[in-house]
Amino acid sequence: MSSKRLTRRQILKLAALGSLGGLAAACGSPATPTRAPTVPAPTATTRPAPSAVPTTAAAAPTSAPAATAAPSPTAVPLADEIAAAAGRFLSNLDEAGRAQATYAFADPERLRWHWTTPANFPRHGLPLRALTTAQRDYALALLQVSVSPAGFQKALDIMALQNDLGNDPELYYVTVFGEPGGAAPWGWRFEGHHLSRHLTVSGGSVAALPFFLGAWPTVSGAGLKAMEREEWAARELITALTGPAQTAALFQANTLTRHVTQNQAEVAPLESVGVLFGDLAPAQQALVDEIIRTYLATLPAALGEAQLAKLTAAGWENIRFGWAGPTEPRRPHYYRLQGPTFLLEHDNSRNGGTHIHSVWRDFTEDFGRHLG
Amino acid sequence: MLAQAAGLLPLVWLAWEYLRQPDPYTFNRLVMLRTGAASLALLVASFACTPVGRVLGSGRPAQVRRALGLYGFFYAVVHVWNYAVWENGLDWALIVRDLEERRAMSVGVAALLALLPLAATSTRGWQQRLGRRWRQLHRLVYIAVPFAVWHFLWLERDRLTLAWIYAGLVTLLLIARLPFVRRFLARPPAQR
Ligand code: HEM
């Protein structure tokens with residue numbers, strides 16, 4: 001057990017060590033890592049490093065390339081990499097720890113998720129807090145291979161923000177469902193306050209949806225802005241709109257009080273509100289594109305690209321952007337991006353518009369339902 | 001004099017923090033936290049006056065009880081004003097959502113409601129007008145102070161050391177009011 005409190009910098013260091021340790025263990029030689037850790041440099045006051053998802057094209061294409069043109073989400077190496085990291089994590093636990101961290105794949109626990117503090121919604125699994133330094137490194141290494149570098153950085157930022165809230169930045173739980181690397185489907189979850197990531201692996205395919213990202217405060221005492229562009233790109237968009245486009249986008253004068261889909265296991269499309277992507281000027285379309293890419297950039301590159309391809313196939317022109325509430329900064333607001341296949345809810349109605357809850361949902365792929 | 005200093009210190013502290021960190025959001029959050037902390041500290045200090053006076057065999061703590069309590073109430077009002085007006089723009093939907101979601105909020109409201117009649121009847125005039133009923137009414141402090149601590153404890157934080165210290169302190173102060181403990185404490189030290 002470790003009672004040490006981690007600062008953001010320490011979390012970063014641990015993560016770097018974790019990736020080194022994990023890789024070294026995979027190679028059977030603790031002293032000789034095969035590649036440098038991929039932990040990005042701290043971004044105390046700026047947004048995280050650019051994504052692994054390509055950020056070309058100012059305005060997203062409105063004509064859909066064939067879905068098959070996109071890299072397959074069934075990238076075998078990723079599935080193997082995640083399984084190996086999960087195996088290392090589990091094999092470095094003692095019997096009791098393993099029992100606490102593991103559930104059957106079919107257990108309802110897999111779909112029981114939340115973004116609030118563990119004090120408010122008890123989590124099951126093993127918290128980083130209960131792990132030894134080495135075990136914690138393996139847990140963070142598992143997270144690192146399951147998201148992109150930008151996603152990993154965001155996770156660390158969100159965890160570091162807990163220090164501002166009187167919360168424990170190590171109360172993030174690792175829960176494994178099923179047996180990593182086996183023939184049967186398996187999955188794992190990394191979850192705590194404002195962060196919920198779900199991985200499902202089946203037959204070499206990986207699904208990494210849904211995911212929840214939150215930030216409070218939006219600017220920490222030390223100046224950390226964990227979700228700056230997610231908030232500001234949308235504000236730039238709503239304030240750039242005029243006339244009928246603005247009327248359509250501003251679907252409610254007051255903010256919604258919370259994100260609509262809450263912690264549902266499965267979601268259906270919400271009421272179709274907001275302005276259509278096709279009705280936006282190119283510079284405004286570029287902002288929609290930026291928001292979407294910023295969120296998808298937290299997924300491993302292949303999965304982010306696959307999501308973009310899917311979204312493109314379903315038609316960017318069918319995506320709607322809606323905003324509720326005042327548009328000035330630090331006023332409670334909410335926005336939604338919804339397309340035929342996905343829903344992004346971004347709620348910033350708490351604490352005077354300085355507390356973000358956001359969730360990316362997919363109508364068919366959440367929790368790997370489509371993997372069969 | 002000491003009570004005035006204790007009561008005004010948080011204001012000086014906030015002014016200093018504003019100079020250090022004029023960013024409106026950060027300051028707003030600091031107001032939320034500092035006024036809550038100041039209110040609780042002053043209310044607990046006021047609550048401690050009677051038993052402390054008894055132990056010390058001095059009437060002086062009782063003289064500052066009212067001032068400390070009123071300052072505590074003042075900071076509670078600023079705390080809630082900051083919450084309802086500055087943070088939530090008096091949007092009732094947001095406030096109701098918060099009351100539903102965060103159980104600590106309802107407990108805080110209960111503490112504040114219990115304090116209202118105490119503050120309103122704190123003058124000597126009211127004390128005389130109400131007579132014996134004034135004492136009965138002021139037993140509401142047994143709700144206000146424990147509920148304020150409960151509010152702190154229920155803020156859904158992982159680190160609650162200070163809140164537990166307050167909880168322990170207030171429990172002791174409540175025990176000190178039990179008749180037999182009170183009699184024990186009231187005895188001159190030599191006889192104890
Ligand atoms: C007598 C009444 C009250 C007292 C003594 C009190 C005291 C406190 C204290 C000690 C804190 C923590 C400060 C810190 O961490 O430094 C706090 C936080 C807070 N209080 Fe109160 N409070 C009272 C009533 C209320 C009411 C009525 C509300 C609103 C309905 C409220 C809303 C809050 C909020 C929003 C926070 C910040 C919590 C967070 O960090 O999430 N309080 N209060």
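In which sense, left-handed or right-handed, does H3(B) pass H5(B)? In this predicted model, the crossing of H3(B) with H5(B) is left-handed.

The axes of H3(B) and H5(B) come within 10 Å and cross at roughly 135°. H3(B) is therefore oblique to H5(B), since angles over 145 degrees would be needed for the pair to count as roughly antiparallel. On the side of H3(B), the contact is formed by Gly69(B), Leu70(B), Phe73(B), Ala76(B) and Val80(B). These residues meet Leu112(B), Leu115(B), Leu118(B) and Ala119(B) in H5(B).

The surroundings of the ligand were examined next. The ligand is surrounded by 21 residues, of which the closest are Leu33(B), Gly36(B), Gly108(B), Ala111(B) and Ala148(B). Two or more residues of this shell are given by each of four elements of chain B, namely helix H2 (24-56), helix H3 (60-87), helix H5 (103-120) and helix H8 (141-153). H2(B) supplies the largest share, 7 residues. The shell around the ligand holds 16 nonpolar and 5 polar residues, and no charged residues.

The interface between the chains was also described. Contacts between the two chains involve 20 residues of chain A and 16 residues of chain B. On the side of chain A that touches chain B, 11 residues are polar, 6 are nonpolar and 3 are charged.

Note on methods. Residues are numbered from 1 along each chain as its sequence is written. Chains are lettered from A and ligands numbered from 1 in the order in which they are written. This is a predicted model: local features need pLDDT of at least 70, side-chain atom pairs count only at pLDDT 80 or more; totals for chains, interfaces and linings use all residues. A residue is near a molecule or strand if its C-beta atom, placed from the backbone, lies within 6 Å of it. Ala, Val, Leu, Ile, Met, Phe, Trp, Tyr, Cys and Pro count as nonpolar, Asp, Glu, Lys and Arg as charged, and the others, Gly among them, as polar. Two residues are in contact if their C-beta atoms, placed from the backbone, lie within 7 Å. Axes are lines fitted to C-alpha atoms, for helices over the stretch in contact, and angles run from 0 to 180 degrees between N-to-C directions. Angles under 35 degrees count as roughly parallel, over 145 as roughly antiparallel, 65 to 115 as roughly perpendicular and the rest as oblique. A crossing is left-handed if the near helix is turned anticlockwise from the far one by less than a right angle, and right-handed if clockwise.
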